[in-house]
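Trainee: I am new to this protein. Please take me through one part of it closely.

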Amino acid sequence: MNTKRLSRHNILRTFLVAVLAVWLQPTLSQTLVRANRQVHFKDSVPAGNYSGIAHLYDNVYALADDKAPYDGYRKVEIVVDSINGEIKSVADRGYVASNVKNRDTEGIVYVKKSGTLMTIGEADSKIICYSDDCQNIVKELQLEKGTGNSSYESLCHDEESGVIYACTEAPLPADDDANHNKIRIQAFDLNFNKIGNWMYRTDKPAGKKDKAGVYAFGVSELMAYDSHTLLVLERESYVPKKKIGAWTICKLYKVDLSQSGNVGRAEKAADVSIPTVRKQLLHRWKTKMNFTRQNFANYEGMCMGPRLSDGSATIILVADSQNQSHGILRDWFKTIVVR
């Protein structure tokens, strides 16, 4: 046997295996199983401004509506196919109102252990914790003030650790820098004590704000996947002055907080010298409004849905249609399946 030929063969085989391993790594580490088509249920869901979603019990969920007369939630029943994770139906079960007037509610969570419900307001930069029927205020948390319509957009809760996470759509005034894309993810315990902060950078925008009629860019929702993993929804929505040609780009990122630096209790950007968190793209999608496609969807709400028969998890998303604006936009729902 030719030992030189064998040696060259082994070297080549080792090289090919190494190249193949590197090439396959992104696929092997990917947790996305499928992204299902978006659907709407005009006959069974009232037109709304749905900006957040939280699981209550069984197939029942709470939808935040940022233009409802009073803070609270719309109760809906969502049926998800146990095999492929597609949404089969969404049915209205009525609106549960508090005595607190509209404060531009953008996020909502339900804490099962205490049976309390929390909402976050963009207008007042405040988290309010209610009894589950929203008739009593349990406690409130005043957050650092955000900037106008780019203030607090996201709220989520991890049942395992009991941690509450919140963030603004655009940078807080103290955190803004030359890139205008550094977002502070704030963490609190259930007593609203500050636990820490993580700094997150959004991608560069694809559109130009000064050429749009309506424009939104930044983080539109957070979701706690487990005790140390967050899913972050980045959303860029571009609507030209003539409306036709509008589009929204959504990117869903996975962030492992255990592998990222915790800023601790630092409250000012000047106190922060650590890098921003690392993120892994799970899924990217684009919706449009033109003469051939009318699936424009501005996704603002996200929560964990049911487990499927194979053990995969579903993520339920809801879009803000601005009350089905101009009779064209829809209250879209969508599921993403992850493992």
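Trainee: Let us look at the second largest pocket. Which element supplies the largest share of its lining?

Mentor: The answer is E18, with 6 residues of the lining of the second largest pocket. First, some ground rules. This is a predicted model, where local features need pLDDT of at least 70, side-chain atom pairs count only at pLDDT 80 or more, and totals for chains, interfaces and linings use all residues. Residues are numbered from 1 along each chain as its sequence is written, and side-chain values use heavy atoms, with hydrogens and water left out.

Now the terms. A pocket is an open set of points on a 1 Å grid over the protein atoms alone, where a 1.4 Å probe fits, with protein on both sides within 12 Å along at least five of seven lines. Lining residues have an atom within 4 Å of a point. Points are joined across faces, edges and corners, and the volume is the space filled by probe spheres set on them. Strands are DSSP runs (E, at least two residues), numbered from the N terminus.

The second largest pocket has a volume of about 520 Å³. It is lined by 27 residues. Closest to its centre are Lys112, His157, Glu159, Ala224 and Met304. Five strands each give at least two lining residues: E2 (50-57), E6 (105-111), E10 (152-158), E14 and E18 (299-307). By type, the lining holds 16 nonpolar, 4 polar and 7 charged residues. Here Ala, Val, Leu, Ile, Met, Phe, Trp, Tyr, Cys and Pro count as nonpolar, Asp, Glu, Lys and Arg as charged, and the others, Gly among them, as polar.

Take E14 (214-224). E14 also gives the largest share of the lining of the largest pocket, 5 residues. That pocket has a volume of about 1200 Å³. Its 49 lining residues include Val214, Tyr215 and Ala216, which are among the closest to its centre.

Now take E6. It belongs to an open sheet of 4 strands, in the order E6-E7-E8-E9, with antiparallel pairing. Two strands pair if DSSP finds at least two bridges between them. E6 and E9 (137-142) stand at the edges with a single partner strand each, so one side of each has no neighbour in the sheet. Further in, 6 bridges join E7 (residues 116-121) to E8 (residues 126-131).
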